[in-house]
Amino acid sequence: MIRVVIVDDDPMVRTGLRLILGGEPDLDLAGEAGDGKQAMDVIRDLRPDVVLMDIRMPEQDGLVTTELLLSRPAPPRILVLTTFDADDLVLRALRLGAHGFLLKDAPPPKMIEAVRAVARGEPVLSPSVARQVIAVATGGHEPRRPRALAELAVLTEREREVAIEVARGGSNAEIAASLSVSVATVKANITRIFAKLGTDNRVHVAMKVRDAGLL
């Protein structure tokens, strides 16, 4: 069972998400909050697996709330709610460690799968959006390349291949098919990549690959 908390200052958005997600047998809508300050208490008490986090909120916005939550031990996975594919605030949230983003007008099946994917530790970025986000977030920073190459040098050849496919926005199954390996092998390589790069976020891996000029 995936425990979910919805954080959005718009009651209509919260109601819509409840209606979309509430009928799924593997999703438990544990609670909700209307602003970031309230969310901190709700999430502390309910300990959800996934938080649907709006960015623009009164009192305390989603960026501050995301940063505070991710500084806690064993934080939930943060799925940013947005109305734009590459909003600057979304990019900032991803840099803070958010695990992906979800368009508020996405079709219900995609919303449901997005929550499940984030809970599994997979990205919620389509290949086209992933390229756009990474390009905007890292574009024009050539001085980062030597450092990124040095950081990626600790990866094996197979791990580097997997990291590049992650940067292209591939799911575990898509990466497995592309490299002619099993999904289990992909998962094992991603676990090692995370450990070596000191992250648990596929977006951060993708940014390192982009910085290194490997795309």
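Where is the place of R47? R47 sits in the loop between α2 (36-46) and β3, in a predicted model where local features need pLDDT of at least 70, side-chain atom pairs count only at pLDDT 80 or more, and totals for chains, interfaces and linings use all residues. Residues are numbered from 1 along each chain as its sequence is written, and side-chain values use heavy atoms, with hydrogens and water left out.

The secondary structure of the protein chain comes to eleven helices and five strands. Helices (H or I, at least four residues) and strands (E, at least two) are DSSP runs, numbered from the N terminus. The pLDDT, the predictor's confidence in each residue on a scale from 0 to 100, averages 85 over the protein chain, and 88% of the residues score at least 70.

Of the 215 residues of the protein chain, 47% count as buried. Buried means under 20% relative accessible area, exposed over 50%, and partly exposed in between (1.4 Å probe, protein chains only). Contact means heavy atoms within 4.5 Å. Among contacts between residues at least 6 apart in sequence, 66% join residues at least 24 apart.

R47 has a positive phi of about 50° although it is not a glycine, and its relative accessibility is 60%, so R47 counts as exposed. E59 lies in the loop between β3 and α3 (62-70). Phi of E59 is also positive, near 70°, in a residue other than glycine. E59 is exposed because its relative accessible area is 61%.

Strand β3 itself (residues 50-54) contains D54. UniProt, in an unreviewed entry, places the feature "modified residue: 4-aspartylphosphate" at D54; UniProt positions are given in the numbering used here, feature names are shortened, and annotations may be inferred rather than shown by experiment. D54 counts as buried because its relative accessibility is 5%. Leaving aside residues up to four places away in sequence, D54 touches V7, D8, D9, G62, L81 and K104.

P76 is in the loop between α3 and β4 (77-82). With a relative accessible area of 8%, P76 is buried. P76 and P48 are 28 residues apart in sequence, yet their C-alpha atoms are 6.1 Å apart in space. P48 is one of the residues that P76 touches; the others are I43, D49, V51, L70 and H99, not counting residues up to four places away in sequence.

Two helix pairs follow. Axes are lines fitted to C-alpha atoms, for helices over the stretch in contact, and angles run from 0 to 180 degrees between N-to-C directions. Angles under 35 degrees count as roughly parallel, over 145 as roughly antiparallel, 65 to 115 as roughly perpendicular and the rest as oblique.

The axes of helix α1 (residues 11-21) and helix α5 (residues 108-120) come within 10 Å and cross at roughly 80°, so α1 and α5 are roughly perpendicular to each other. L17, I20 and L21 of α1 meet P108, M111, I112 and V115 of α5. By class, this contact has seven nonpolar, no polar and no charged residues. Ala, Val, Leu, Ile, Met, Phe, Trp, Tyr, Cys and Pro count as nonpolar, Asp, Glu, Lys and Arg as charged, and the others, Gly among them, as polar.

For helix α8 (residues 157-167) and helix α10 (residues 183-197), the axes come within 9 Å and cross at roughly 95°, which makes α8 roughly perpendicular to α10. The contact of α8 with α10 has six nonpolar, one polar and four charged residues.
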